[in-house]
Amino acid sequence: MLRLSRDVYRQMVGHCLDGLPLEACGLLGGDPETDRASLCYPTGNAAASARLYTVDPRDHLRADRDAEGRGLEVIGVFHSHTHTDAYPSPTDVAQAPDPTWHYVLVSLRDVAPVVRSYRIVDGKIAEESIVLE
Amino acid sequence: MVEASGATVGEVFDDLVTQYPGLRSQVLTDDGDLHRHLNVFLNDDDIRYLGKLDAKVNADDTVTLMPAVAGGSGDSS
């Protein structure tokens, strides 16, 4: 389960919409013990692509330091799929960097964004519920 | 956070993997180059712009290792 504050949800979806027509990405900061993401770190997409994303390394460093300064951690990553489902692609699975993270997909294929979250461990995808708090 | 010694990032990595041999394959390729899925910062600067493993390190500098975070739909349509 991923707990998201409503503010984080809005910031996340807003950043993805702002990124169109390219994929957008960002990091989620929070408490790994409670799986609550209370911080949204919109990051640059260094790939600048409608099919790929790479979290800008400097933005990742800033997010990591900011979360740490608040006694929290980066606990996940979100990115948009501009034309496909909110489901991890083979590319997403192959490059998932941390098995403890939450992987949030925001599909912008249709007018209404679709947001889903997953765990990706050893190449296996497991969807998890999102609870807005 | 760990301590390691060296005059360059490369030497710091050598010291690091001597202390923690299991890290070698995650940090360096078989050729001894920086793993491309790893981002390395010397204080606030990406070492890609500082000469990579040749970047000079001073006492009390912080070297931060972070995995690259990437993916995407990969959709070609």
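## The sheet of chain A

In this predicted model, chain A holds an open sheet of 8 strands, ordered E8-E7-E6-E5-E2-E3-E1-E9, with mixed pairing. Its edges are strand E8 (124–128) and strand E9 (130–132) of chain A, each of which pairs on one side only. On average, neighbouring strands of the sheet are turned by 35° against each other, direction ignored.

Within the sheet, E2(A) and E3(A) are joined by 7 bridges and pair in the antiparallel sense. One position in this pairing is A:Leu27, whose bridge partner in E3(A) is A:Tyr41.

## Helices on the sheet

H1(A) packs on the sheet and touches E1, E2, E3, E5, E6, E7 and E9 of chain A. The direction of H1(A) makes about 20° with that of E3(A).

H2(A) lies across E2, E3 and E5 of chain A. Relative to E3(A), H2(A) runs at about 150°.

## Nonpolar cores

The largest nonpolar core consists of 33 residues, and A:Leu28, A:Val77 and A:Tyr103 have the most contacts inside it. Two or more residues come from each of these elements of chain A: strand E1 (2–4), helix H1 (6–19), strand E2 (25–31), strand E3 (36–43), H2, E5, strand E6 (102–107) and strand E7 (114–121).

Leaving aside residues up to four places away in sequence, A:Tyr103 touches A:Gly76, A:Val77, A:Pro88, A:Asp92, A:Ala96, A:Ser117, A:Tyr118 and A:Ile120. Another core, of 10 residues, lies apart from the largest one; its members include B:Val12, B:Phe13, B:Phe41 and B:Val57.

## Contact between the chains

Chain A gives 25 residues to the contact, and chain B gives 16 residues. On the side of chain A that touches chain B, the elements giving two or more residues are strand E4 (53–54), helix H2 (57–69), strand E5 (73–81) and helix H3 (90–94) of chain A. H2(A) supplies the largest share of that side, 5 residues. Sorted by class, the side of chain A that touches chain B has 9 nonpolar, 10 polar and 6 charged residues.

The two chains also pair through strands: E4(A) and strand E4 (residues 70–71) of chain B run in the antiparallel sense over 2 bridges. In this pairing, A:Thr54 has B:Ala70 of E4(B) as its bridge partner.

Terms used. Residues numbered from 1 in each chain as written. Chains lettered and ligands numbered in written order. Predicted model: local features only at pLDDT ≥ 70, side-chain atom pairs only at ≥ 80, totals over all residues. Contact = placed C-beta atoms within 7 Å. Helix = DSSP H or I, 4+ residues; strand = E, 2+ residues; numbered from the N terminus. Nonpolar A, V, L, I, M, F, W, Y, C, P; charged D, E, K, R; others polar. Pairing = 2+ DSSP bridges. Core = buried A, V, L, I, M, F, W, Y, C linked by C-beta atoms within 7 Å. Buried ≥ 20, exposed ≤ 12 C-beta atoms within 10 Å, placed from the backbone. Axes fitted to C-alpha atoms, helices over the stretch in contact; angles between N-to-C directions.
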